[in-house]
Amino acid sequence: MAFSLQQGPFFVKSMLFRWLDSDVGHSFRTSPTAILAAVIAAICLFCAVFAPWVAPHNPFDLTTLELSNARLPPAWSEGGNTSFFLGTDDQGRDILSALMYGARISLAVGMASVILSVFVGVAFGLLAGFLGGWIDAVLMRLCDVMLSFPAILVALLIAGVGRALFPNAHESLAFGVLIISISLTGWVQYARTVRGSTLVERHKEYVQAARVTGVAPLRIMRKHVLPNVMGPVLVLATIQVATAIITEATLSFLGVGAPPTSPSLGTLIRVGNDYLFSGEWWITIFPGLMLVLIALSVNLLGDWLRDALNPRLR
Amino acid sequence: MSEVKTKALVRATDLAKTFDVSAPWLNRVLEGQPKMLLRAVDGVSFEIEKGKTLALVGESGCGKSTVARLLVGLYEPTRGGFEFDGEDAHAAFKTPEGRKLRRRIQMIFQDPYASLNPRWTVEDIIAEPLREHEILSDEAAVKERVGELLKSVGLSPLDMVKFPHQFSGGQRQRISIARALATHPEFLVCDEPTSALDVSVQAQVLNIMKDLQRQQGLTYLFISHNLAVVRHVSDQVGVMYLGRLVELADKHTLFDTPRHPYTRMLLDAIPKMHDTGKARTPVSGEVPNPLNPPSGCAFHPRCPHANARCSSERPQIQAIAGVKVACHAVEEGRI
Amino acid sequence: MSLLQVKNLVVEFPGRRGTLRALDDVSFEIAPGEILGVVGESGAGKSLTGASIIGLLEPPGRVASGQILLEGERIDGLPYEQMRKIRGRKIGAIFQDPLTSLNPLYSVGRQLIETITTHLPVTPAEARQRAIQLLKDTGIPAAEQRIDHYPHQFSGGMRQRVVIALALAAEPKLIVADEPTTALDVSIQAQIITLLKTICKERGAAVMLITHDMGVIAETCDRVAVMYAGRVAEIGPVHEVINHPAHPYTAGLMACIPDMTQDRENLHQIDGAMPRLNAIPQGCAFNPRCERVFDKCGQARPDLMHAGATQAACWLHDNKVAA
């Protein structure tokens, strides 16, 4: 199979080729956990992405809501209605549809913050590892400082500051602040991992050969070192998506995350919490279960990926 | 050696490289540790004529790999320098024109598994110097050149789409050679190119290197710890110990009549396949810590001929009977 | 009676693309006190042979058939606990890398004493005396002080001496040494192989010396087995194999090695490469590369047969009688 490495993000393509290589593919095919986790994650992803088309109702379209449908229990219990399969909340919104829309927000925020963290972390790690000296020292001290703050507190701080600065902010700004606050502590582990791998790769002879040829350092970093250090990063990123989603849920639960007009799973949990003790358990439990399901399947996938890649990709 | 200045392609003069291996600054201040300097190379001078091979031999810690890296511009010397084709190489490396120099000097490394980027195809690996120096403009010409280079090292041009892990150690080393030859260099620095290879593969690679040298008039600096291989490939041999050159002679002279006690010890220590019944001079001691080299002559603690002068005064390399030796005992005619 | 007998050993690695035969019908013997060299290139299976004998074959590799007998008793396929008792007491091991062979957290003396007391019925005080004597025998100066030093306080050559002492601590009958001098400098290498030879002869321990360096074999061993693609190509007294090789592979190998005494324009080379385990040719494994190949070579696999003073697995020596 001949393919040109000059086109496109070649390292992504070659990584993909490596993954579809029989060893890893075989490991996937023989691991029931991995397959199950992948299926569940795929379903959640599908529902989230295609929510407007898949969900039975649009719970955030005020014109379709009827207060008479409020607080209906799930379809299989007494008083339930099959068109609201998992029941409704206090305003008549269908829980199942709210789950899908909420998952959408959660996944989008989770993935966006991970992508941002990866970008910043890998760049810093590469620079620190390759250039060394004072750049390395400064960046690593920055990492140490970032790690000494608890992630939630940092997120709360940024979110609070954001709200104070832009009180009438448009929704997208609120999301932007949310994504930044989650990614702010996440980048550190990528930076450290990449720095470690870069320090190893830097002394390898193919890098020295490039230097002898006269290739510029930045180019060496980008074309030679980067493709070889991305392995552990991708494993970390997969697991981190779950963490990011939970962090976002926590923030939304605390009220500083997603705005109530486009609630994420965390917001739904918070809203439903108030009704827990009056017996309407479905309003908070189902969003909670959905969150657990997404986080668990992504975590399991990440675990499998780490084991599958580890002994073979050295 | 005669003092007539033959136009040597490579002339190294008093090359020296010191590494600072001290503990981090904070540790040093808090624990009162001194600065630690590693004199990897301490004043090495030699010349290589065009089309010839100089081999540098020595055991671990002698600095031969550092010399190799100094000659390709991977390190900056702390003292001394080398001239390539008459001009100061390290000064040239710093200028934009220095890039032209990089086309003429190339390197082959020891580890066939680490010297090729595992994520690149063979074509990209070999073509990198061509693309970097913009030697050939269009892709078709580059492909053709890569195919030619693969053929010249005994591989097939069809191999260029494969990845390094699909090749054996010997084949990877050939790919490294092909990459080094891409820019038509004149001088190749080879750092233990066959040490990691099996004997039969080593024979193949050494034969290719010799053939290429004959065909293209290449000049080699060949680093090795294997004296038998060195005997096969070199014209001149330099023996290094703890960063210093202790003997420099042409091949036959060195192997037939070694002068320096360390050279004699090395030659004696090689396990021989034939005539194994011969008695050998006992070998004593180990290579000292390069961070803390002995005073005077670095070899004196292990030398059977050492005297008081040897432990206090560092011997200078001198021409004695057509051979360059750094030894008081040889100079004084004691051995 | 032989100390070690390996009979028709087959080691396989089951994988999802089929089973790879890493060792295919390997047989040899080691007499008590003898030094047998096992030489071959990468992939020939010499380290695997050593690992199978010590019982340290990494899964999924396993002994598929054949027998390994130590002093007449089978040791292949023994349960872990029993094998553990044999290791150390009857078989000692020396590996290539002295850095990783010793536990960096314990002093050298502690590791020696632990080995001695595990296998021999002596008091700790006696064990300590033995340990000091062992260190002295292996040429470590100031043994009484150095016994309490840690591995990192020794240099590479000294560490390998400690490893040899450790291997000999429980007075084993057989030592399996896997590339013991490859990681060492030439001058140290000479010291270590001399040490190995004298100390083993003194204590009557047999040695199975695995290496790729023919020079080391020539200096140290009594007999040598040449391995190729998981099989034994030739076996015999060292000087016969080196000077009058009967198998074309051995002859080619000897010719490839650059010689200190002559100058040659080009080295003799054997074209091609050792076949991969999943692509071993039909018949004799060496036949595609052999200069003296004929019809029978590609059809039937030769067993070891008498060829002058050695035994070689080669059809050229069919019908010859032992010298």
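Two strands are said to pair if DSSP finds at least two bridges between them. Helices (H or I, at least four residues) and strands (E, at least two) are themselves DSSP runs, numbered from the N terminus.

## Basis of the model

This is a predicted model, in which local features need pLDDT of at least 70 and side-chain atom pairs count only at pLDDT 80 or more, while totals for chains, interfaces and linings use all residues. Residues are numbered from 1 along each chain as its sequence is written, and chains are lettered from A and ligands numbered from 1 in the order in which they are written.

## Chain B: strands 6 and 7

Strand 6 (residues 105-108) of chain B and strand 7 (residues 187-191) of chain B pair in the parallel sense, over four bridges. Within this pairing, Gln106(B) has Leu188(B) of strand 7 as its bridge partner.

Strand 6 of chain B is covered on both faces, with Ile105(B) and Met107(B) buried on one side and Gln106(B) and Ile108(B) buried on the other. A residue is buried if 20 or more other C-beta atoms, placed from the backbone, lie within 10 Å of its own; it is exposed if 12 or fewer do, and partly exposed in between.

## Chain B: open sheet

Four strands of chain B form an open antiparallel sheet in the order 2-1-4-5. Its edge strands, each pairing on one side only, are strand 2 (37-48) and strand 5 (87-88) of chain B. Five bridges link strand 1 (residues 10-20) and strand 4 (residues 79-84) of chain B in the antiparallel sense, and Ala12(B) stands opposite Phe82(B) of strand 4.

Helix 2 (residues 64-71) of chain B lies across strand 1, strand 2 and strand 4 of chain B, and runs at about 65 degrees to strand 2. Axes are lines fitted to C-alpha atoms, for helices over the stretch in contact, and angles run from 0 to 180 degrees between N-to-C directions. Two residues are in contact if their C-beta atoms, placed from the backbone, lie within 7 Å.

Strand 9 (residues 236-241) and strand 10 of chain B pair antiparallel over six bridges, with Gly238(B) opposite Leu248(B) of strand 10. The two strands form a hairpin with two residues between them, and Leu242(B) in the turn has a positive phi of about 50 degrees.

Strand 10 of chain B also runs antiparallel to strand 12 (residues 323-325) of chain B, joined by two bridges; here Glu247(B) stands opposite Val325(B). Six of the seven residues of strand 10 (residues 244-250) of chain B are buried, so this strand is largely enclosed by the rest of the structure.

## Chain C: helices 4 and 7

In chain C, the axes of helix 4 (residues 108-119) and helix 7 (residues 156-168) come within 9 Å and cross at roughly 20 degrees. The two helices are therefore roughly parallel, a term for angles under 35 degrees; over 145 counts as roughly antiparallel, 65 to 115 as roughly perpendicular and the rest as oblique.

The contact is made by Val108(C), Gln111(C), Leu112(C) and Thr115(C) of helix 4 and Val162(C), Ala165(C) and Leu166(C) of helix 7. These residues divide into five nonpolar, two polar and no charged. Ala, Val, Leu, Ile, Met, Phe, Trp, Tyr, Cys and Pro count as nonpolar, Asp, Glu, Lys and Arg as charged, and the others, Gly among them, as polar.

## Chain A

Chain A has 12 helices and zero strands. Buried residues make up 43% of its 314 residues.
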